[in-house]
Amino acid sequence: MTTSGSTAPVSGLDRGRGAPALPAHVAVIMDGNGRWAAARGLPRVAGHRAGAEAVRRCIRAAITRGVGCLTLYAFSSENWRRTPDEVADLTALLRYYLRHKVAELCREGVRIRIIGDLSRFDADVRDEARRAEDMTAANTRLTLVLALSYGGRADIVQAAARVAFAARSGTIDPAELDEALFSRFLLTADVPDPDLIVRTSGECRLSNFLLWQSAYAELVFIETLWPDFDEHHFDAALDMFARRERRFGARPAL
Ligand code: IPE
Ligand code: IPE
Ligand code: MG
């Protein structure tokens with residue numbers, strides 16, 4: 001039997017029950033931009049623009065609090081179902097931030113990693129995304145994982161396909177496939193599993209985010225709409241995390 005705690009790059013499982021107060025990896029489902037705009041009588045794109053400012057506050061908070069890894073769910077594989085106008089607005093914002101804000105993040109010691117199906121974006125966005133990864137590759141202060149056109153099920157399926165190809169070519173022995181080896185084929189192979197997943201806007205679902213990786217994540221749902229998110233909300237989520245007892249299936253602490 002495989003014991004997922006023994007070798008998997010799973011931060012929480014590796015640490016066992018006496019979990020430290022600070023999560024090594026925080027992942028955020030940034031939701032509520034549209035409702036924020038609607039409440040002000042503004043077009044949805046205004047909510048997305050305000051949401052981009054909240055992204056900067058969140059990154060800053062992660063850096064100052066000493067969180068090593070921050071994943072932001074910016075665009076899901078299902079978000080392509082939105083109107084062409086909204087997809088174009090979101091893509092334009094992404095293009096702008098990749099082009100103009102990566103240098104600043106690089107100076108602050110942020111390493112950018114991108115997960116998702118980039119092939120669905122225009123070539124210039126794909127190029128900017130790769131450039132952001134390359135430019136920041138040596139940084140160590142914060143790993144910022146951007147989930148773009150990301151879907152948890154698609155991630156598992158692409159991993160399964162690559163495992164099958166590797167088995168067929170003899171690179172791996174199917175008999176040796178376990179959770180740790182499988183994890184290495186996921187798009188998140190080089191980052192630990194999230195310890196804490198925060199979702200804003202009051203929705204209590206994962207919406208196809210990090211399905212495999214969230215197995216033992218602590219979930220925090222807050223009512224705040226994403227454009228209103230700031231370091232106080234970040235701290236409140238960290239506080240909630242610190243009060244949770246992580247058991248990983250073992251006996252509760254006495
Ligand atoms: C999150 O805000 C941004 C993306 C999903 C890209 P929404 O656009 O989902 O905002 P609501 O949920 O409609 O308020
Ligand atoms: C999840 O939000 C995706 C992102 C935050 C990028 P959605 O607003 O797309 O999720 P649903 O449709 O409410 O589940
Ligand atoms: Mg939403």
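The side chain of S149 makes a polar contact with the side chain of W80 at 2.8 Å, where a polar contact is a pair of N or O atoms within 3.5 Å; within protein, one must be able to donate a hydrogen and the other to accept it, and residues adjacent in sequence count only if both atoms are side-chain atoms. This is a predicted model, in which local features need pLDDT of at least 70, side-chain atom pairs count only at pLDDT 80 or more, and totals for chains, interfaces and linings use all residues. Side-chain values use heavy atoms, without hydrogens and water, and residues are numbered from 1 along each chain as its sequence is written.

Let us stay with S149 for a moment. You will find S149 in strand 4, residues 142-150 (strands are DSSP runs of E, at least two residues, and helices runs of H or I, at least four, numbered from the N terminus). S149 has a relative accessible area of 2%, so S149 is buried (under 20%). Beyond its neighbours within four places in sequence, S149 is in contact with F75, S76, S77, W80, G116, D117, R120 and F121, contact meaning heavy atoms within 4.5 Å.

Now turn to a pair of helices. The axes of helix 4 (residues 44-65) and helix 10 (residues 231-243) come within 9 Å and cross at roughly 50°, the axes being lines fitted to C-alpha atoms over the stretch in contact, with angles from 0 to 180 degrees between N-to-C directions. That angle is why helix 4 is oblique to helix 10. Here C58, A61, A62 and R65 in helix 4 meet E231, F234, D235 and L238 in helix 10.

Note on methods
Chains are lettered from A and ligands numbered from 1 in the order in which they are written. Angles under 35 degrees count as roughly parallel, over 145 as roughly antiparallel, 65 to 115 as roughly perpendicular and the rest as oblique. Buried means under 20% relative accessible area, exposed over 50%, partly exposed in between (1.4 Å probe, protein chains only).
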